[in-house]
2 protein chains.
Amino acid sequence: MEFTFLGTSAGTPTRSRNVTGLALSRSGPKPWYLIDCGEGTQHQLMRTRYSVMQLRAIFITHIHGDHIFGLPGLLTSASMLGRTEPLDIIAPPQVRRFIDAVIENSDSSLSYPLNFINSEAPDFYWQDDHMAVTNVALSHRVACRAYVFTERNLERQLKQEKLAADRIEAGPAWGDLQKGKDVLLDDGRLLRSDDYTHIPRTARRIIVGGDNDTPELLKEASQGTHVLIHEATYTQDVADRVGPWPQHSSAQQVARFAQSAKLPNLVLTHFSSRYQSVPGGTPHINQLAAEALQHYRGHLFLAKDFDTYRLEKDLKLNKLDGH
Amino acid sequence: MEFTFLGTSAGTPTRSRNVTGLALSRSGPKPWYLIDCGEGTQHQLMRTRYSVMQLRAIFITHIHGDHIFGLPGLLTSASMLGRTEPLDIIAPPQVRRFIDAVIENSDSSLSYPLNFINSEAPDFYWQDDHMAVTNVALSHRVACRAYVFTERNLERQLKQEKLAADRIEAGPAWGDLQKGKDVLLDDGRLLRSDDYTHIPRTARRIIVGGDNDTPELLKEASQGTHVLIHEATYTQDVADRVGPWPQHSSAQQVARFAQSAKLPNLVLTHFSSRYQSVPGGTPHINQLAAEALQHYRGHLFLAKDFDTYRLEKDLKLNKLDGH
C-alpha cells in the first residue's frame, strides 16, 4: 500500500505546505483513493503520478474548509478532462449540499455521476476489489471520522501437498481455486478454495485520521493496524497556550497513544502554519518530532508535501525518494 | 497603476499557469483590488507583495469555477489571519449564494463583514478614494462583465500666477485648494479649488475583461483607456475547430478590435491549457502572440503568472522584473 501527502498544513496553506489531502493506493497510481481535498489539491496532483481520471473514491474526514475547498475545482476539472466513470464521495451530508450549491451557482455540470455516501451512517462500510474501508468517530469541533483502509483479495497460494493427496490434477481448477473460487469437478466433487489455498501474509491496514483531540478513540481500530497517519497540530506547550477550543492533538498526545496501542508506524501531519521548516526557523517543525520521540518508540515520521510512503507486504513502512 | 497576474490559464490550471486572478492597485500593494479568484489564488498571493489584509474589494467577472473557486479559501484565510475591515465583493448574485452555502456547510464564519454588490445592476458604479469603477456587459455563456478602472483624486497643481494676481498669500488655504477643497477666506471671498488649481495629467484607465467572444462590446469604454487586459483563449485555427460554443475570443479577434479602437496597450491572458511554454512545445504560446501581431500595431504583451506591469503617469506601460 502506498500513500503520498498532497498537503500537510493545518487551516491555511504555507509556501511549502498545502492544506490537507492524501492520495492512497494499494499499488501504483490506479485505482487510487483521495482522503480530504483542501484547496489546491488538483494543483498538487499535477506534480504526482496520480490522475483524477483513475480516482476511485474520495473520503472526507470532516467539513472544515481546509479539508473540502478543493472539491469544486477537482470535480469540475475531471469533467473537463472527460471523465465518465462514476466517483464515490464518502463524506458528511453537508458536503453534498456544498457541492450541489457550487454546481448550481457556477454554471457547472459533471460528465460523470457522483455517488454520495454518508460517512456518518452508523453501519458505514465501503469496499472495492482492493480495499475494505471502515471508519471511527473522532472528537473535533464538528463530526469527524478516521478511515481504516484494509487491503482485500490477497494473493492465495495453492496447498500443493493437499492437491496431490486428493489427486487433483493441474488445470483450470487450480487457477480458479487460487482466485478464491470454489470449483465443481466433473467427477462431482466440490472443492472449496479455502481448503486448497492459504493466504501467506497479513492484510495490510492503515488508519488515516482526521482532526481529533482524543487519539484514544482509535484504540480498538489500532489492533492489527500497521500505520497510523494522525494530525499533530501543535507541540504540547503551544497546545496549552492555545487552549482546548480548536480540538486538535499535540505531538505528545498522539505519540503517547501510539506507544500505548503498540502501533509500529506513526506518521504525523497537519501542522500549524507557525512551525517553520527552514534552518533556524522558530518554532521549528523538528520540535514536533523531538516531542513525539520522547513518548513513542516505534517508527516515527513527520510528513512533508509530496512525501511518498510504501507499506511493504512484509509490513515495513518505507519512505520513498521524493519527487 | 500596477497589476500582477495571479493566473493566466483558461478552465483548468497547468503546472506553470493558475486559473484566473489579477491583483491591481493604484500604487504599491495597499490598498489593492482583486479581479476574479480562481482556485489557488490565495496560494499565488503568498508569492507576491499583496496581502488579503490590505485587499479593498474583489471584482468577479462571471460565475464560472475557474474565476470563483478560490473565494472560499481566500475569504476564510483572511478571517483566520484576523481581518476586521469590511470587504466588498462585486459579483453576480449567484456568488453570494455560493459563498453563503460554503459558509453554512463548512462550519465557517468570517471575522469581518462582506458587502455583496450586484455587478449586474444597470447603474453599477463603485469607487473609493483611489479608483472609480464601471463595468461593461460582455458576451459569454453566462452573464459576464469587464471592469473599467479609472484613477481618482489626481494630484492638483496650484496656479501660482492666478494666486498672485488675486493676492492670495501662501498658507493653509493653498494646501486646501491643492487637496481639491474650496476655501472661504476671512475677507469673505470663496475660492474654488477648480479655479486655482489644475490637474496636469490624464487619469489612467485600465479595462480588465472577463470571458468574452465579442471584443467590440468594449468599443465605447475603450475611448480614453490606456490598457486593455483581455482573454485570448485560442488562436484562430483552434477557435474555428472548437466552434462558437465556448464563447471565447481568438488572439486575432482581440488584436483586430484593439487596433480598430486605437488601444495603445493590449495584454492577452486566459490561454487554453493546450498552449505550451516550453521550447518546442506545440501548439506553442508564441503562436498567440504571432497571430495578434499580424493585426495589432500597439504594444502587445502576453501575460504570465506573476508578471507585474506598471502603467506610468506618462501613460507608458512597463513590464517590471518578475518575482
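**Entry 1: how the copies relate**

I started with the symmetry and found that chain B superposes on chain A through a rotation of 180 degrees with 0.0 Å of shift along the axis, at an RMSD of 0.0 Å. The two copies are thus related as by a two-fold rotation axis. I keep in mind that this is a predicted model.

Which residue of chain B comes closest to the rotation axis? I looked it up, and B:Gly40 does, with its C-alpha at 2.7 Å.

Then I checked the interface. I see that 100% of the interface residues of chain B are also interface residues in chain A, so the copies meet through the same surface.

The unreviewed entry has a "binding site" feature at A:His62, A:His64, A:His140 and A:Asp211. These residues span 150 residues in sequence, yet no two of their C-alpha atoms are more than 10.5 Å apart, so they gather at one spot. I also noted which of them line the largest pocket: A:His64, A:His140 and A:Asp211 are included in its lining.

I went through two of the histidines one by one.

- A:His64 is in the loop between β4 (55-59) and α2 (65-68) of chain A. I get 5% relative accessibility for A:His64, so I count it as buried, the cut-off being under 20%. Leaving aside neighbours within four places in sequence, I find A:His64 in contact with A:His140, A:Arg141 and A:Val142, and also with B:Ser106 and B:Asp107 of chain B.
- A:His140 is in the loop between β8 (131-137) and β9 (145-151) of chain A. A:His140 counts as buried too, at 9% relative accessibility. Not counting residues up to four places away in sequence, A:His140 touches A:His62, A:His64 and A:Asp211, and I also list A:Asn212, A:Pro246, A:Gln247 and A:His248 as its contacts.

I found another "binding site" feature in the unreviewed UniProt entry, at A:Asp66, A:His67, A:Asp211 and A:His270. How far apart do these get in space, given a spread over 205 residues of sequence? They cluster, as the largest C-alpha distance is 10.8 Å. From this set, the lining of the largest pocket takes in A:Asp66, A:Asp211 and A:His270.

- A:Asp66 is in helix α2 of chain A. I have A:Asp66 as buried, with a relative accessible area of 11%. Beyond four places in sequence, its contacts are A:Ala10, A:Gly11, A:Val19, A:Thr20, A:Gly38 and A:His270.
- A:His270 is in the loop between β16 (265-269) and α11 of chain A. Is A:His270 buried or exposed? I count A:His270 as buried, at 3% relative accessibility. Neighbours within four places aside, the contacts of A:His270 include A:Asp66, A:His67 and A:Asp211 from the annotated set, and A:Glu231, A:Thr233 and A:His248 are also among them.

Most residues other than glycine have a negative phi, and most peptide bonds are trans.

I found a cis peptide bond from A:Lys30 to A:Pro31, with omega near -10 degrees. A:Pro31 is in the loop between β2 (21-25) and β3 (32-37) of chain A. I also found a cis bond joining A:Thr282 and A:Pro283, where omega is about -5 degrees. A:Pro283 is in the loop between β16 and α11 of chain A.

A:Asp107 has a phi of about 55 degrees and is in the loop between α4 (93-105) and β6 (114-118) of chain A. A:Asp107 counts as partly exposed, at 41% relative accessibility. A:Gln247 has a phi of about 60 degrees, in the loop between α9 (236-242) and α10 of chain A. I have A:Gln247 as partly exposed as well, at 22%, and A:Gln247 is one of the residues that A:His140 touches.

**Entry 2: a helix pair**

I finished with helices α10 (residues 251-260) and α11 (residues 286-293) of chain A, which pack at an angle of about 35 degrees with their axes 8 Å apart. The crossing of α10(A) past α11(A) is right-handed. On the α10(A) side I list A:Ala251, A:Gln252 and A:Ala255, which meet A:Leu288, A:Glu291 and A:Ala292 in α11(A).

Note on methods
Residues are numbered from 1 along each chain as its sequence is written. Chains are lettered from A and ligands numbered from 1 in the order in which they are written. This is a predicted model: local features need pLDDT of at least 70, side-chain atom pairs count only at pLDDT 80 or more; totals for chains, interfaces and linings use all residues. Side-chain values use heavy atoms; hydrogens and water are left out. UniProt positions are given in the numbering used here, feature names are shortened, and annotations may be inferred rather than shown by experiment. On a 1 Å grid over the protein atoms alone, a cavity is a set of points where a 1.4 Å probe fits but cannot get out, and a pocket is an open set with protein on both sides within 12 Å along at least five of seven lines; lining residues have an atom within 4 Å of a point. Helices (H or I, at least four residues) and strands (E, at least two) are DSSP runs, numbered from the N terminus. Buried means under 20% relative accessible area, exposed over 50%, partly exposed in between (1.4 Å probe, protein chains only). Contact means heavy atoms within 4.5 Å. Copies are superposed by least squares on the C-alpha atoms of residues with pLDDT of at least 70 in both. Axes are lines fitted to C-alpha atoms, for helices over the stretch in contact, and angles run from 0 to 180 degrees between N-to-C directions. A crossing is left-handed if the near helix is turned anticlockwise from the far one by less than a right angle, and right-handed if clockwise.
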